[in-house]
Amino acid sequence: MKVGLERPKRSPFGELFEPETLRAVEDEEKVLELLTEHISQQTDVAPLELLARVVLERGSDETASGIFTSYNSFLEALGNDKVRDELENIAFHEASENSTYDGLRELSKTFRSSVNTFFFDEHPQLKKLIRDYGVF
């Protein structure tokens with residue numbers, strides 16, 4: 001009796017971004033070879049771009065807007081020298097009273113809420129993949 005882990009025929013990454021060339025292959029070794037090549041190519045893709053691919057393919061317009069509008073607004077604010085200077089000079093005990101800080105906290109809440117909605121409510125596979133591969 002052989003003891004050990006069985007290789008899955010398809011990886012979780014392949015379930016999300018399966019290339020067309022992989023779908024027609026039946027040989028397990030060839031599947032693993034193509035999947036390895038595909039995953040290697042994806043390591044050059046920014047995480048935000050990977051998120052955008054999945055959200056634009058499977059997410060609602062509201063969720064996509066919540067994720068990317070809040071993310072863009074947050075980066076835009078941090079790219080503003082005046083805003084950065086203001087944030088750098090806020091005392092810890094005064095942060096909750098500062099409208100700029102509060103506005104950025106709201107953007108981060110919108111981003112987090114939208115990502116959670118997508119990952120755990122909208123996408124049919126992500127919740128299972130996160131549970132199986134992302135939680136230790």
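Predicted model: local features only at pLDDT ≥ 70, side-chain atom pairs only at ≥ 80, totals over all residues.

Let me begin with the contacts in the protein chain, where, among those between residues at least 6 apart in sequence, 51% join residues at least 24 apart.

As for the overall fold, the protein chain has eight helices and zero strands, and buried residues make up 26% of its 136 residues. The chain exposes about 10,000 Å², of which carbon and sulfur atoms supply 53%.

Now to the charged pairs: side chains of opposite charge can pair when their charged atoms come close. How many salt bridges does the structure hold? There are four, and I will describe some of them.

In helix H6, which spans residues 81–88, Asp81 and Arg84 are three residues apart and therefore separated by about one helical turn; they form a salt bridge whose closest N and O atoms are 2.8 Å apart. Arg84 counts as partly exposed, at 33% relative accessibility.

Helix H7, residues 99–122, holds Lys109 and Glu106, again about one turn apart, and their side chains meet in a salt bridge at 3.5 Å, N to O. Both count as partly exposed, Lys109 at 34% relative accessibility and Glu106 at 38%.

Finally, Glu57 and Arg58 are joined through their side chains by a salt bridge of 3.4 Å, N to O; here Glu57 is exposed, at 54% relative accessibility, whereas Arg58 is partly exposed, with a relative accessible area of 35%.

Notes:
Residues numbered from 1 in each chain as written. Heavy atoms only, no water. Helix = DSSP H or I, 4+ residues; strand = E, 2+ residues; numbered from the N terminus. Buried < 20%, exposed > 50% of the residue type's maximum accessible area, 1.4 Å probe, protein only. Contact = heavy atoms within 4.5 Å. Areas by Shrake-Rupley, 256 points an atom, 1.4 Å probe, with all protein chains shown as cover.
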